[in-house]
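Please keep the structure in view while reading.

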Amino acid sequence: MDIKTSSVKTDAMTAASDELRYPIETPPAPDQAIEVAPGVPWIRLHLPFRLNHVNVYLVKDGDGWTLIDTGIGNEATIAAWTKLFEGPLAGMKITRLIVTHAHPDHVGLAGWLVERFKCSFYMSQVEYLQAVYHQSRGTEDRVLNQRMFFRRHGMDETITDKLLGRGQDYLKRVSSLPPFYHRLSDQQEISIGTRTFKVITGGGHALDQVMLYCAADKLFFSADQVLSKISPNVSVWAVEPEANALGEYLTSLASLSRMLPDDVLVLPGHGVPFFGVKTRIKQLADHHEERCQLIADACRAAPKTSAELVPVVFHKHVLDPHQTGFAAGELIAHVNYMLVEGRLEAVEQPDGVVRFKAV
Ligand SMILES: [Zn+2]
């Protein structure tokens, strides 16, 4: 094995707590693994999106290694892994795979890796079943349900057509799901090598995303819940139109902020490792509150549909249909949260479209 050792500057421990610090400036190249803590190599895999990479981590686990997340399930990622296993990771035996959540960039190659290494496979129950759900989506009545959902929120039919035409994208990005799994549950403790990790799960970005916290070594694998530089997507989809995804996300952030010390090294699913988790959590919560205020102001002037609110919140962006779908999902997450909080009221229109007014 040929894993680069990084110079994680531990003086970050004494840094002012309101500051974000990025101890490793340069992420690993595609054929590289960089050790971010003793026995914890960090690998970065390419994604064919605007968000062009996902981070995965290995943790020394006795004679073998635990891998956290897999990359997306396409040929390019299989080629990247093959190169890594022949190069810097040669001789490495993966004995356990932990997948943080069911999104294709995290679970995509679970089937391929479990097959290759005959390793055990761990997810939370909800995320495993969510992955199972995605394996079979796209039936006619589900597509119709999505159409009705977007129609109710005032979305333009031509955009809806383009969105629904995308069809079975998920299945194209996931190799296959291992046929059984071991369950990880919130607050459970697991040993990985000499370390003990507490499993923490949280909703909002995914339904029950797994994070891992090692108090002794101050390491926090945050998955996509707390990212260094971007705000994780928090959306409501047609399958559960009244979900309070943003409420769940903010509850999870608040609980993480109470539980974690500020000097943990955060190892996120995208972006770069950082110190300053409480600062970052506050920035993320503030960002959502700013959006809620934009929505409240707009709905005070006159009741608005979610589709009419998209440009109010995403005014800095020119959105293609794919991005409009995500923007609408995010917008509805804010609206649903504000309904629960009593900050908005739904006004049903005779044509079945719903508008929101500020309370
Ligand atoms: Zn994700």
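Gln283 counts as partly exposed because it has 13 C-beta neighbours inside 10 Å; with C-beta atoms placed from the backbone, 20 or more others within 10 Å make a residue buried, 12 or fewer make it exposed, and partly exposed lies in between. The model is a predicted one, in which local features need pLDDT of at least 70 and side-chain atom pairs count only at pLDDT 80 or more, while totals for chains, interfaces and linings use all residues. Residues are numbered from 1 along each chain as its sequence is written.

Gln283 belongs to helix α9; helices (DSSP H or I, at least four residues) and strands (E, at least two) are numbered from the N terminus. Its C-alpha atom is separated by 9.2 Å from that of Ser231, 52 residues apart along the chain.

In helix α10 (residues 306-313), the buried residues are Ser306, Ala307, Leu309 and Val310. They lie on the same side of α10 because they cover an arc of only 155 degrees around the axis, the arc being that of the directions from the helix axis to the C-beta atoms. These buried residues of α10 pack against α9 (277-301) and α11 (321-340).

β9 pairs with β10 (residues 195-202) in the antiparallel sense over 4 bridges, and Ile192 stands opposite Arg195 in β10.

How values were computed. Contact = placed C-beta atoms within 7 Å. Pairing = 2+ DSSP bridges.
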